[in-house]
Amino acid sequence: MGTLYEDMVDYGGEVFGREHLETLRECVQCGKCTGGCPSGRNTALRTRKLMQMALVDLREEIFNAPELWFCSTCFTCYERCPKGVKTTDIIRTLRNLAAKEGHMSVPHRMIGVYVIKTSHAVPIGPAQMELREAVGLESQPPTAQHPQNKEQLEQVQMLFRATNYDAMIDFDWDTMNLRGMDKGGKK
Ligand code: SF4
Ligand code: SF4
C-alpha cells in the first residue's frame, strides 16, 4: 500500500485515467466546489475539505466519513473548479478504495441488493406498475425484472458472483438481503 494519493492514481487511473487523478495536486483550496455543491447544502459533505484530506493522506478518516457517500455525482464541482481538478472522479475513486476495504455505506450496498433482486438500482414497484397500467402500458417493461425474463436476471446475478460484488456488499443469498438485516431492512 502506498500513500492515499498513490493508491488513488494507481486504482482510479485504471478507470478514469491517471491524469484525472493527478489533478488533485492542483487544488488550491479555493472552495468553489463546496460553494456550488447541491448535496453540501443539506449534508455534511464539503468537497474542498475532502480534497484536502486526500492530499494530506487522511485515509482512515475519509474511509470512515459518512459524507463520502453523500455526493450525488452531479459534476457541478467538476465544472466549477478553476484549476481543473477532476473532483467527481476523485470522489468516486475514494469510494472505490473505501469499498474495497469494507467501508461501503449501507444505502449504497442496498443498491446492489436491488440490482441482484430485480436488475434495477431503482426497482419498479406497485405504484409505478399501477401508473403504467393507467396509461395503457403493461405493468412492467421487458427488463430483467419482468417475471418472463428470469433467465436474464440470473445472468445479472451471475455477474455479481463472478466479480465477487456479492461478497463486497456482504450479500446473503439465503435471505436475498444484506447479512444481518432484518425483514424491515434494518441492521
Ligand atoms: S474548486 Fe478546485 S481548486 Fe477550488 S477547492 Fe475545489 S477542487 Fe480545489
Ligand atoms: S459531484 Fe458530488 S461533491 Fe461535486 S457538486 Fe455534485 S454532489 Fe457535490
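Student: Which helices each supply at least two residues of the shell around ligand 2?
Tutor: α6 and α7 (87–100) do. Keep in mind that this is a predicted model.

Student: What makes a residue part of that shell, and how many residues surround ligand 2?
Tutor: A heavy atom within 4 Å of the ligand is the test. For ligand 2, 14 residues surround it. The closest are C37, C71, C74, F75 and C77.

Student: How many charged residues does the shell around ligand 2 have?
Tutor: None; by class, this shell has eight nonpolar and six polar residues. Cys counts as nonpolar, so C37, C71, C74 and C77 fall in the nonpolar class.

Student: Where is C74 placed?
Tutor: C74 sits in the loop between α5 (59–63) and α6 (76–80). Its C-alpha atom is separated by 9.1 Å from that of S39. Along the chain, C74 and S39 are 35 residues apart.

Student: Why is C74 called partly exposed?
Tutor: Its relative accessible area is 38%. Buried means under 20%, and exposed means over 50%. The value of 38% lies in between, so C74 is partly exposed. That cover comes from protein chains only.

Student: Which residues are the closest to ligand 1?
Tutor: C27, C30, G31, C33 and C81 are the closest, in a shell of 14 residues. The elements that give two or more residues to this shell are α3 (32–36) and α4 (47–55).

Student: What is the class make-up of the shell around ligand 1?
Tutor: It has eight nonpolar, three polar and three charged residues.

Student: How many helices and strands does the chain have, and in what order do they run?
Tutor: There are 11 helices and two strands. From the N terminus on, the order is α-α-α-α-α-α-α-α-α-α-α-β-β.

Student: What percentage of the chain is buried?
Tutor: Of the 187 residues, 41% are buried. Each of these has a relative accessible area under 20%.

Student: How do you know what share of the contacts joins residues 24 or more positions apart?
Tutor: Take the contacts with a separation of 6 or more. Residues 24 or more positions apart account for 60% of them.

How values were computed. Residues numbered from 1 in each chain as written. Chains lettered and ligands numbered in written order. Predicted model: local features only at pLDDT ≥ 70, side-chain atom pairs only at ≥ 80, totals over all residues. Heavy atoms only, no water. Helix = DSSP H or I, 4+ residues; strand = E, 2+ residues; numbered from the N terminus. Buried < 20%, exposed > 50% of the residue type's maximum accessible area, 1.4 Å probe, protein only. Contact = heavy atoms within 4.5 Å.
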